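Trainee: Could we go through the terms used for this model and ask what stands behind each of them?
Mentor: Gladly, let's have the structure in view.

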2 protein chains.
Amino acid sequence: MLKDKFRLQIPGPTPIPPRVQQAMNRPMIGHRDPDCSKLVHNLSLRLGPVFGTQNPVLILTGSGTSALEAAAANTLTEGDEAAVIVTGAFGDRFAKILNSMNVQTHRLDIEWGKACHPEELKTFLKKHPKIKAVFLTYCETSTGVLNPIKTLAETIREHTDALTIVDGVSCIGGVPAGLDEWGVDILVSGSQKALMLPAGLSFAAVGERAWTTIQSNSHPRFYLDFRKYQNSLEQSTTPFTPAVSLLFGLEEVLDMLEEEGLEHVFHRHRLMRDMARAGVKALGLELLANHRDASPTVTSIMGGEQWSVESLRSELRYLGLRVAGGQQHLKGKIFRIGHMGYADPLDVLTALSALEVALARIGAPVETGAGTKAAEEEWIRVSRIDH
Amino acid sequence: MLKDKFRLQIPGPTPIPPRVQQAMNRPMIGHRDPDCSKLVHNLSLRLGPVFGTQNPVLILTGSGTSALEAAAANTLTEGDEAAVIVTGAFGDRFAKILNSMNVQTHRLDIEWGKACHPEELKTFLKKHPKIKAVFLTYCETSTGVLNPIKTLAETIREHTDALTIVDGVSCIGGVPAGLDEWGVDILVSGSQKALMLPAGLSFAAVGERAWTTIQSNSHPRFYLDFRKYQNSLEQSTTPFTPAVSLLFGLEEVLDMLEEEGLEHVFHRHRLMRDMARAGVKALGLELLANHRDASPTVTSIMGGEQWSVESLRSELRYLGLRVAGGQQHLKGKIFRIGHMGYADPLDVLTALSALEVALARIGAPVETGAGTKAAEEEWIRVSRIDH
């Protein structure tokens, strides 16, 4: 086999488009140079539609977790009460961050593989009237579940004055977001998922109501202080040295998203999800999430009784396809196929073909061709509607 | 759809491996610098196994045709007699080159889609006892036919003193070659096919018997004079400015071929051919070449009665796959899928999936999944034997 040829279909990092890779190779510029100021200014505005906001989006140099912690550190301090809706490993990470700040944290634990729905959130919120913020995960990377943020944010607004703070790391850029319209207060994301960049940048879209809290919040912070980023942005710059090559790449990514059109980008992601699910089901494998809760960016598939998920992943790797395993208690029980960013329907078909061959090679029961057939038919069906 | 994401599966140029692309970006060096001499020296020797020769291989800066013409211009002159075995558009090109030199050319025209076999060559050779050279095509790119060069070269040696001159442009690097062992006198190739580079370099492996002719041949030539390349090579250099970035890339290509091992490279190409053919047949489409004559590097598929090949190609292009059409009288009648160089079995499955969806979208009769199923089963079958 060609050892260095592989398809990266894990739920992040995702493949870098060649034009983005090229953009990142531009000659380095100083981060206090007027060219860099212009870049920072434009990027923060052009990210707005991706996060569903008129406000400029803050750009931090750090991985997704830096923005998760920043969202907490800028809005809460020791002794405050907050709620975390935990639908998987990344909801759990929010809880860990809050614990490290000595915030009094109330967890709403949802079974992994299911989304949180408004009724259960409502019941939970009623029990905790003093919370100052609710932390939610838009796409839970560890399970492939997409929480219905729009309706959950409405529920929060309806029943409390708490801020709605959302982790959108593994879906922003692949699914619609409406910071302004949905009443979300802070929406954060990272660069290495649907935004088609290497890891290294994180983003925070911040609404008006959140700014009031942020300005007065006493929690100690320096590198992650949103006020510094906002003040610098007013001077078209960043408070600390930014990852300039990633900013070059981000400019190209925004060109690509604008050229395709965000609605088309979202449609492509939904199509990839529906194809992946149709294919997996046709192979007789079980999906972790039900259709209502399934994210357009990543699909989690249950292992079988007669074969090992880790053997399957290692076989897929040999065949030229890299997929992810499960995290925490789902390790060894599921595998996950990412289909976001620089991914198209043919990638889903390639993944299903590889899956069919790999299952056969590890001796698992499989009807070769059945998964690709079902996924192809989904694509054909949807493209007939489009025409 | 992602407009700039596509799979290049035409029979050349072929995709450039990322590590080769990176190698070509090395800082430029002078072509008379000792570093470049070392590079030229090593490359000419390392190309030997790819062409099946102990001799250093000549490296020309030019497209494949430059090496085809060089092979003729260095061995024949006006008034000489030569034979060309024409199995498609590139056999025809040899004939055109010979005509431009006023060589008295005898054509053995074989039906496009079929290979030339020893018996018909033998009969033909007997009719033309005065020929000084026989020109053959190893893989005929226009049809996907692989001529059995080993046995044809034996036939030529047995029945004439003519030189055996072979165009290996669309297969060398993907199939075995034996200049020394098979008694081939000149074997030429280009960089942009199974050798995984952009176009711009061409290669000529030259045997001892050919050198005797070349030294005394009176045909006027300058840029394409093999003697100049050979003399320069003895000084570890080239007679004219070489395409240095492509030499950097070639070094990396040879690393890749050596790391995988030539036998494994050839096995991979045969597997891709067998998968492509099994898939196409299962879809009820007709293959241009029969199994005995089919090249491991490119597969030609007949169009159907009820649909247009050009609509299919344009639909495939929309879906993210680029395949080639037919040439000359096969234009509109066939399409061709390349599977050589930086290509693996999963690429064949991707192409078949795309073909199934495209056929459905243009309203052609197709059983979705049937092609991928058959190709997957071929892969599974072969990998069981391997284990």
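Mentor: We can begin with helix α13 of chain A, residues 309-319, where Val309(A), Leu312(A), Glu315(A), Leu316(A) and Leu319(A) are buried. Keep in mind that this is a predicted model.

Trainee: What makes the buried residues of α13(A) line one face of the helix?
Mentor: Viewed down the axis of α13(A), they fall within an arc of 125°, so they line one face.

Trainee: What is found at the start of α13(A), and what just after it?
Mentor: At the start, a side-chain oxygen of Ser308(A) comes to within 3.2 Å of the backbone nitrogen of Glu310(A). Just after the helix, Gly320(A) has a positive phi of about 110°.

Trainee: Let's turn to His339(A), in the loop between β14 (334-338) and α14 (345-361) of chain A. Why is His339(A) called buried?
Mentor: Buried means under 20% relative accessible area, and His339(A) has 1%, so the word applies.

Trainee: How do you know that the side chain of His339(A) makes a polar contact with that of Thr299(A)?
Mentor: The cut-off for such a pair of N or O atoms is 3.5 Å, and here the distance is 2.6 Å. A polar atom of the His339(A) side chain also lies 3.0 Å from the backbone oxygen of Pro296(A). Among the residues His339(A) touches are His269(A), Met272(A) and Val348(A).

Definitions and conventions: Residues numbered from 1 in each chain as written. Chains lettered and ligands numbered in written order. Predicted model: local features only at pLDDT ≥ 70, side-chain atom pairs only at ≥ 80, totals over all residues. Heavy atoms only, no water. Helix = DSSP H or I, 4+ residues; strand = E, 2+ residues; numbered from the N terminus. Buried < 20%, exposed > 50% of the residue type's maximum accessible area, 1.4 Å probe, protein only. Polar contact = N/O pair within 3.5 Å; in protein donor to acceptor, adjacent residues only side chain to side chain. Contact = heavy atoms within 4.5 Å. Arc of directions from axis to C-beta. Lists of a residue's contacts leave out its neighbours within four places in sequence.
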